[in-house]
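Q: I am new to reading protein structures. Could you walk me through this one, feature by feature?

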Amino acid sequence: MNTKKTQIFLRVLLVLGILILLNFISVRIFTRLDLTKAGVYTLSDASKNLVRNLDDRVTVKAYFTEELPAPYNNNRRAVLDILNDYKAYSEGNLYYEFINPEGEKNEREAQQAGIPPVEVQVVKEDKFEVKRAFLGLVMMYEDKKEVLPVIQNLGSLEYDISSAIKRLTTRTKKRIGYTTGHEETVLTSMQQASREIAAQYEIVPVDLSSSTAEIPQDLAALLIIAPQTKFSDTAKYQIDQYLMSGGKIAFLLNKMNVDLNAQYKIARPLDIGLDDILENYSIRINNDLVRDAQCASITVMQNQGQFQMRSQIPFPYLPNAVNVDRSNPIVKDLQGLIFFFASSLDTTLTVNKGLKAEVLVRTSKQSGRQSGFVMIDPFRRYAPEELAESSIPLAAVVSGSFKSFFEGKSLVPREIKSPDTRIIAVGDGDFMKDDFAGNRNNLTFFINIVDFLADDAGLITIRSKDIAQPPLEQISDGTKKLLKYSLLLLPPLLVIGYGLLRWRRRIALKRSLESQL
């Protein structure tokens, strides 16, 4: 009996010892099991490196009202979890505290820190009540402060926090230039994009309309966005020499002039004078319009009897591109880009030039293109042979050492060959505009382009976690019918089959028992 009690006592001690050891290890060795495909609940390597390399303490004050109803209580839990992650990887250089701003003094402190109160609906005693709540973060580093006033989108929480920490700890911002003087897209038409870029970079206009204009050599990247008029040789010379000095350029171009205000909607080629210099860099943006069966819809007015009704119809000239290069950080986690009257790209010119071309975005398996003078009719239905092309390139990055376009020409180049650098080309210069950026992935794509050119690829991996549900893959009508009737008929057939099987087994069992009698 004593031996048995001793064994039980030793087993209990062993279990307790194991539990204490596991707790001891878990406190000192931080890890997380994340089964999501995109690692949504795990800090990216960029965030880990960011806080590991802190040279001074970052203090985070989280002003969160306690005992909020769902879904607001999940926000507090998510913020607590992610701040624990940052703290674990910061090697003691990140400290946070949660403050419940109850009472006039604490509420005033939160508002003075830049956290405004928000109104949330609370169900209390079977009644809807409106309650003031605080859901914000204040981050402080040395004498600087960053504020996230309201935590709403948990999908972008890591990006919001990491970008705020980076802004705090960065001594000088990199400069991003954008060309002007050729009727390019102005910042006022892309306020969402310019606001997000300005948070990380200094945005610099570069007017190339003057013969004496020069591109500053300290620019981290140069953006050429939807110019409408022709570039002169002196402007192209400045672009060429900026590239030859190691600069990085994004050509986001409209090669077709689409007039939707005329009685007959038409598109015709637009000559902006950049074809020759782009072909020298092994890139060709074609004078055509791409159409795709997998596309966005537009609202049109249709006559129904004596009335006019608004209806949504698919418009093939607005490709919904989901065929992206999953190995490239610019687009790897994007689930659908909407392009607006896009032109196709040709990257085959890189052959035998020592350059590397990567196609970032392609059309679906049912697509086509039309060049020259194009009539645009939203009600037109395209025959299968007009959508017979597959995977037409819409955006690409070309990297390597480029040769100067002006070698051997009258404008003598200062540099005739560039160090390893990169060019991004997109056959659409409108996808990031406020009018067209209702699709969040479009905005993310544009900002990723800037980050990639500016060598801030780490931010891309963080931002791309904020993704939408992937669109459904298009299937044929025959497959749809097969799936429909299979789902309708298969469940009852399985139940009937199982019942027949049970019935036959019972009959067989009954006969077996009768035979034994």
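**Reading a helix, a loop and the spaces between**

A: Gladly! Let's begin with a helix: the buried residues of H5 are Leu157, Glu158, Tyr159, Ile161, Ser162, Ser163, Ala164, Ile165, Lys166 and Leu168. Keep in mind that this is a predicted model.

Q: How many of the 13 residues of H5 are buried?

A: Ten of the 13 are buried, so H5 is mostly covered, where buried means under 20% relative accessible area. As a general idea, an α-helix has 3.6 residues a turn, so residues three or four places apart point the same way.

Q: What span should helix H5 have, and what is the distance between its end C-alpha atoms?

A: The idea is to count 1.5 Å a residue, so the 13 residues of helix H5 (residues 157-169) should span 18 Å. The end C-alpha atoms are 18 Å apart, which agrees.

Q: Now for single residues. Is lysine 365 buried or exposed?

A: Start from the relative accessibility: over 50% means exposed. Lysine 365 has 68%, so it counts as exposed. You will find it in the loop between strand E20 (356-362) and strand E21 (367-371). Leaving aside neighbours within four places in sequence, lysine 365 is in contact with Leu387, Glu389 and Ser390.

Q: How far apart are lysine 365 and asparagine 323 in sequence and in space?

A: Sequence and space are two separate things to check. Lysine 365 and asparagine 323 are 42 residues apart in sequence, and their C-alpha atoms are 9.3 Å apart in space.

Q: And histidine 182, is it buried or exposed?

A: Histidine 182 counts as buried, because its relative accessibility is 4%. This residue also sits in a loop, between strand E7 (174-180) and helix H6 (191-200). Beyond neighbours within four places in sequence, the contacts of histidine 182 include Leu208, Pro227, Phe231 and Ala235.

Q: Which residues line the largest cavity?

A: A cavity is a space where a probe fits but cannot get out. The largest cavity here has a volume of about 60 Å³. Its lining is made of Ile176, Tyr178, Leu187, Met190, Ile197, Ile203, Leu223, Ile225 and Phe446. That lining divides into nine nonpolar residues, with no polar and no charged ones. E7 and strand E9 (219-225) each supply at least two of the lining residues.

Q: What about the second largest pocket: how many residues line it?

A: The second largest pocket is lined by 23 residues, and Val258, Asp259, Leu260, Phe341 and Ile376 lie nearest its centre. Its volume is about 650 Å³. The lining divides into 13 nonpolar, five polar and five charged residues. E11 gives the most to this lining, with four residues.

Q: How many aromatic pairs does the structure hold?

A: It holds 13 aromatic pairs. To read one, look at the distance between ring centres and the angle between the planes. Tyrosine 237 and phenylalanine 406 are 5.3 Å apart, centre to centre, with 70 degrees between the planes, an edge-to-face pair. Tyrosine 237 lies in helix H7 (residues 233-244) and phenylalanine 406 in the loop between strand E23 (393-400) and strand E24 (421-426), so the pair ties together parts that are 169 residues apart in sequence. Both tyrosine 237 and phenylalanine 406 are buried.

Q: Which residues form one aromatic cluster?

A: Phe315, Tyr317, Phe341 and Tyr382 form one aromatic cluster.

Definitions and conventions
Residues are numbered from 1 along each chain as its sequence is written. This is a predicted model: local features need pLDDT of at least 70, side-chain atom pairs count only at pLDDT 80 or more; totals for chains, interfaces and linings use all residues. Side-chain values use heavy atoms; hydrogens and water are left out. Buried means under 20% relative accessible area, exposed over 50%, partly exposed in between (1.4 Å probe, protein chains only). Contact means heavy atoms within 4.5 Å. The expected span of a helix is 1.5 Å times one less than its number of residues. On a 1 Å grid over the protein atoms alone, a cavity is a set of points where a 1.4 Å probe fits but cannot get out, and a pocket is an open set with protein on both sides within 12 Å along at least five of seven lines; lining residues have an atom within 4 Å of a point. Grid points are joined across faces, edges and corners, and a volume is the space filled by probe spheres set on the points. Ala, Val, Leu, Ile, Met, Phe, Trp, Tyr, Cys and Pro count as nonpolar, Asp, Glu, Lys and Arg as charged, and the others, Gly among them, as polar. Rings of Phe, Tyr and Trp (its six-membered ring) pair if their centres lie within 6.5 Å; planes under 30 degrees apart count as stacked, over 60 as edge-to-face and the rest as tilted.
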